[in-house]
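I opened a notebook page for this chain and wrote down what I looked up, entry by entry. The structure comes before the notes, so that each entry can be followed on it.

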Amino acid sequence: MATVTIEDAAPEGPARQVVKKTLAERMVTLPDGRTMHYRQLRTLERMDLNALAGPQNAVNLAWMADASLAFSVTRIDGEAVAKPTSIMQLRALIQRIGDDAMEALAADAMTMDDAEKPGEVAARAGE
């Protein structure tokens, strides 16, 4: 039987640091004590969101900004959040997150570098 050993010999250069930073979760703590974890959407997640949105919503920047922010949430109060697979599920997730948390997430996302913003999908949708 063969043994396969995979070594991560890639140097810790600037590109690798950007990738690590991009995949990292961020946490927002709300005044009521709830916590929201979120991260930048990966390529397939952006594709899934665009497919879920459909052609009309995918070009609506305001709709995509809110949808991509909600889609980027990974945990609420430590509980894992499943990615929505329908607009109804996305709407339920946005309702669960709540307006105050959406505003807090958006404000925190504005402090990110451009390379790690979850809302970048909205800008790409209009291209």
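**Entry 1: the sheet**

I began with valine 28 and found that its bridge partner in β2 is methionine 36. I noted that the model is a predicted one, in which local features need pLDDT of at least 70 and side-chain atom pairs count only at pLDDT 80 or more, while totals for chains, interfaces and linings use all residues. I also noted that residues are numbered from 1 along each chain as its sequence is written, and that side-chain values use heavy atoms, with hydrogens and water left out.

I then looked up how β2 and strand β1 (residues 26-29) are joined, and they pair in the antiparallel sense over four bridges; two strands count as paired if DSSP finds at least two bridges between them. The two strands form a hairpin with five residues between them, and glycine 33 in that turn has a positive phi of about 95°.

I followed β2 to its other partner, strand β3 (residues 73-76), which runs antiparallel to β2 and is joined to it by three bridges. Here methionine 36 stands opposite isoleucine 76, and isoleucine 76 in turn stands opposite glutamate 79 in β4. Strand β4 (residues 79-80) pairs with β3 over two bridges, again in the antiparallel sense, and this hairpin has two residues between its strands, with aspartate 77 in the turn at a positive phi of about 50°.

Which strands stand at the edges of the sheet? The four strands form an open, antiparallel sheet in the order β1-β2-β3-β4. β1 and β4 stand at the edges with a single partner strand each, so one side of each has no neighbour in the sheet.

**Entry 2: the whole chain**

I counted six helices and four strands, where helices are DSSP runs of H or I with at least four residues and strands are runs of E with at least two, numbered from the N terminus. From the N terminus on, the elements run α-β-β-α-α-β-β-α-α-α.

Of the 127 residues in the chain, 36% are buried, a word that stands for under 20% relative accessible area, whereas exposed stands for over 50% and partly exposed for values in between (1.4 Å probe, protein chains only).

I looked up which residues of helix α3 (residues 61-71) are buried, and they are Met64, Ala67, Ser68, Leu69, Ala70 and Phe71. Asparagine 60 caps the N-terminal end of α3, with a side-chain oxygen 3.2 Å from the backbone nitrogen of alanine 62.

The ring of phenylalanine 71 has the charged end of lysine 83 over it, 5.4 Å from the ring centre; a charge sits over a ring if NZ of Lys or CZ of Arg is within 6 Å of the ring centre and within 35 degrees of the ring normal.

**Entry 3: arginine 42**

Is arginine 42 buried, exposed or partly exposed? Arginine 42 lies in the loop between β2 (35-38) and α2 (43-58), and it counts as partly exposed because its relative accessibility is 37%. The C-alpha atoms of arginine 42 and serine 72 are separated by 9.2 Å, although these residues are 30 residues apart along the chain.

Terms used: A polar contact is a pair of N or O atoms within 3.5 Å; within protein, one must be able to donate a hydrogen and the other to accept it, and residues adjacent in sequence count only if both atoms are side-chain atoms.
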